[in-house]
Amino acid sequence: MIISRTPYRISFFGGGTDYHAWYREHGGAVLSTTINHYCYLTCRYLPPFFQEKSRIVWSHIEKVMHHSDIQHPAVRAVLQYFSGEKNGVEISHTGDLPARSGLGSSSAFTVGLLNSMNALHARMSNKRELACEAVHIERDILKENVGVQDQIAVAYGGFNKITILQTGDFVVSPVIVPQSRLKDLQDHFLLFFTGVSRNATDIAAEQVKSLGNKKSELKAIRQLVDDAINVIMYSSDMNDFGRLLHETWQIKRSLTSGIAPDFVNDIYDKARNAGAIGGKLLGAGGGGFMLFFAPPERHIAIKQALDDLLWVPFSFENAGSNIIFYDPNSYSLDTLNRRDFHHLMEQEKHDSSSVSDNKVIAMPAKKRILTV
């Protein structure tokens with residue numbers, strides 16, 4: 001039995017510069033932190049005593065005889081990536097916060113599953129490998145419109161500046177300040193759930209198409225990363241961070257029409273009228289979580305103004321994706337490969353009588369992609 005724990009992330013500045021179409025020409029950078037809310041994945045080889053070969057538990061319960069029949073796209077892609085995993089597996093997911101809500105939940109799932117599967121194969125993952133493999137799964141195999149900041153952030157954990165080079169390489173630089181200063185920053189934040197989940201890849205696709213026409217905006221977004229770090233390290237007025245958040249939100253919602261629907265703008269205006277200095281909608285846009293920055297003495301007023309939304313307390317974390325429970329199989333894997341079980345014999349008949357059109361995307365276990 002393997003259990004992985006992978007944090008969700010909050011991105012403050014630089015979102016949009018982490019898309020392949022942008023950083024390959026200009027480079028990119030983001031400022032983000034992971035938080036103490038997590039995606040948990042339990043993984044084990046499924047003992048051969050069941051009618052199904054594999055069982056996948058998420059918002060659905062899938063029982064399949066062939067991994068190509070798995071509906072969850074990330075699970076299916078990861079199992080194919082692992083050289084076409086032949087053994088039956090049981091994978092179960094649970095999360096502290098809802099999916100498709102702007103906190104990097106999809107990448108947390110992919111990174112956590114890669115971590116778990118590596119552990120199941122008695123391999124220890126490092127942070128860079130997890131991030132790069134997750135980008136490969138999401139962008140190259142699943143063909144999703146994703147940047148690279150989420151995979152890196154949740155794999156590494158912590159409050160970091162992530163610099164993305166034109167080559168595809170990246171550098172993760174922790175923001176080094178006294179703990180009292182970091183706590184002061186943390187105490188200014190309020191996180192609210194709008195109640196609306198959305199498909200981020202659709203909104204991101206529109207944003208990617210517009211990158212060529214938004215060069216000045218994206219360069220300004222990139223500059224705000226360094227401006228924000230300077231505030232954290234040197235400014236005597238922490239509220240300057242909130243003013244920069246307000247600035248980046250004004251730029252971000254001008255990128256595409258789908259980022260800030262009317263109800264999001266209404267929420268933002270209510271919070272500002274109640275004392276928030278700045279804020280933003282997290283993730284690609286359209287819904288999900290909204291982050292606000294305000295002096296702690298204004299928090300009660302903001303919560304009252306947004307009393308129809310769910311307030312979600314959080315704190316920063318710095319562990320990243322980890323295996324929190326590791327108990328290898330107590331029985332021989334030869335048991336899993338015996339052919340005298342009814343369902344395995346049925347599978348063998350199926351395999352011999354039909355040719356699958358599904359191409360297995362395989363990669364040798366020791367080959368690692370080290371850039372994004």
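A salt bridge is a side-chain nitrogen of Lys or Arg within 4 Å of a carboxyl oxygen of Asp or Glu. The structure is a predicted model, in which local features need pLDDT of at least 70 and side-chain atom pairs count only at pLDDT 80 or more, while totals for chains, interfaces and linings use all residues. Residues are numbered from 1 along each chain as its sequence is written, and side-chain values use heavy atoms, with hydrogens and water left out.

By the salt-bridge rule the count comes to eleven. One of them joins K183 and D187, with the closest N and O atoms 2.9 Å apart. For accessibility, buried means under 20% relative accessible area, exposed means over 50%, and partly exposed lies in between, using a 1.4 Å probe and protein chains only. K183 has 48% relative accessibility and so counts as partly exposed; D187, at 31%, is also partly exposed.

Other pairs connect separate elements; helices (H or I, at least four residues) and strands (E, at least two) are DSSP runs, numbered from the N terminus. D150 forms a salt bridge with R9, and their closest N and O atoms are 2.6 Å apart. Because D150 lies in helix α5 (residues 149-156) and R9 in strand β1 (residues 2-13), this pair ties together parts that are 141 residues apart in sequence. D150 counts as buried at 18% relative accessibility, and R9 counts as buried at 3%.

R128 pairs with D169 in a further salt bridge, the closest N and O atoms being 2.9 Å apart. R128 belongs to helix α4 (residues 127-141) and D169 to the loop between β6 (159-164) and β7 (170-174), so the pair links parts 41 residues apart in sequence. R128 is partly exposed at 23% relative accessibility, and D169 is partly exposed at 26%.

The last topic is helix packing. The axes of helix α8 (residues 215-234) and helix α9 (residues 239-252) come within 10 Å and cross at roughly 170°. Axes here are lines fitted to C-alpha atoms, for helices over the stretch in contact, and angles run from 0 to 180 degrees between N-to-C directions. Angles over 145 degrees count as roughly antiparallel, which means that α8 is roughly antiparallel to α9. Where contact means heavy atoms within 4.5 Å, residues of α8 including A220, L224 and V231 meet residues of α9 including F241, L244 and I251.

How values were computed: Parallel < 35°, antiparallel > 145°, perpendicular 65-115°, else oblique.
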